[in-house]
Amino acid sequence: MAVIFLTIHTEQAFSQQVNTCQYHTICVHPGDVLRYSDTIGSTNSSETYNFEDMIDSSHIRVVQQNRANGSEIKNFTMILNLKTGFAQSEQDSSITSPFLQILSTPMKYNKTDSSITQIFTDFNGFNRTALSAFHSTDNNTSNMVFDAETGILLEIKSASLITTGNTPQLVDFSSELTDTNIINSDSSGILSSNNVVSIPSWIKNNARYWHDGTIDDSTFAQGIQYMIKQGIITIPPTQSGQANPGIAIPAWIKNNAEYWASGDIDDGTFVNGIQYLITSGIIQV
């Protein structure tokens, strides 16, 4: 994944730990695989991470395969330290970087940080508990979603303002996990009655009107707030943050509304945005 989009202050949200299928290490085995579909602007690509032989009890060889727009596959080999979460190029040991596609488990994070929320999502038919980390600066917004039990990066969406010459340009980046042999069941406890996600289909019209500009941010937020209070929308328990009515709704939530209205993302992913609005204080419930 392009480094420009992956150095998104992950160290502030999730701390890389020391774990394995021992406590506090990355839990992977030879034969495990992660496959992603990436989009940068109008360019589509794919990448696959094949976990191969163990070097020793704390290191595993990983082969990264990249393909852009049907071009030939390019392979990169790295050695992943399961305790630190850093990967080192096998060809050049001076090249080291954090391996963000899978983190140590159990995941350690600041539970008082309102930018991190627990959500419930679907991966290839499996109901999963995930942690969503939102980050925003003047020139970048990003949302990273990690599977809570395995530490696997499920998706990342980012929008960055990049200036070339004197011309600013907004560049969208997304990466979505499409296949892995590591996730093969529902998350434990996912079917608890406290984790209900229920959104009537007619609410998609409101999401579409909002994205198209027919209704403004305030009207959309008030409508969501009303429907939650009336029980029309049911979401997992979410702690409300301090009221911040002057904060604008981030663009990625509006994009999610359009994707959800078009059927490109599921209810759980859309609820991720609603939960962010609540924890940030934009919506009070």
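Ring pairs join Tyr 36, Tyr 49, Phe 51 and Phe 99 into a cluster. A ring pair here means Phe, Tyr or Trp rings, with Trp taken by its six-membered ring, whose centres lie within 6.5 Å. Planes under 30 degrees apart are stacked, over 60 edge-to-face, and the rest tilted. By this rule there are six aromatic pairs.

Before the details, the ground rules. This is a predicted model, where local features need pLDDT of at least 70, side-chain atom pairs count only at pLDDT 80 or more, and totals for chains, interfaces and linings use all residues. Residues are numbered from 1 along each chain as its sequence is written, and side-chain values use heavy atoms, with hydrogens and water left out.

Back to the six aromatic pairs. One of them is Phe 51 with Phe 99. The geometry is edge-to-face: 6.3 Å centre to centre, 80° between the planes. What does this pair tie together? Phe 51 sits in strand β3, residues 43–56. Phe 99 sits in the loop between β7 (96–98) and β8 (108–109). So the pair ties together parts 48 residues apart in sequence. Strands are DSSP runs of E, at least two residues; helices are runs of H or I, at least four; both are numbered from the N terminus.

Buried means under 20%, exposed over 50%, partly exposed in between, with a 1.4 Å probe and protein chains only.

Next pair: Trp 260 and Phe 270. Their ring centres are 4.1 Å apart and their planes are at 5°, so this pair is stacked. Trp 260 belongs to helix α5 (residues 251–261), Phe 270 to helix α6 (residues 267–279). The two residues are ten apart, and the pair links distant parts of the chain. Trp 260 is buried at 0% relative accessible area. Phe 270 is buried at 3%.

β3 pairs with strand β4 (residues 59–68), antiparallel, over nine bridges. Pairing requires at least two DSSP bridges between two strands. β3 and β4 make a hairpin, with two residues between them.

β4 also pairs with strand β5 (residues 74–81), again antiparallel, over eight bridges. Which residue in β5 is the bridge partner of Val 63? Thr 77. This hairpin has five residues between its strands, β4 and β5. In the turn, Asn 69 has a positive phi of about 45°.
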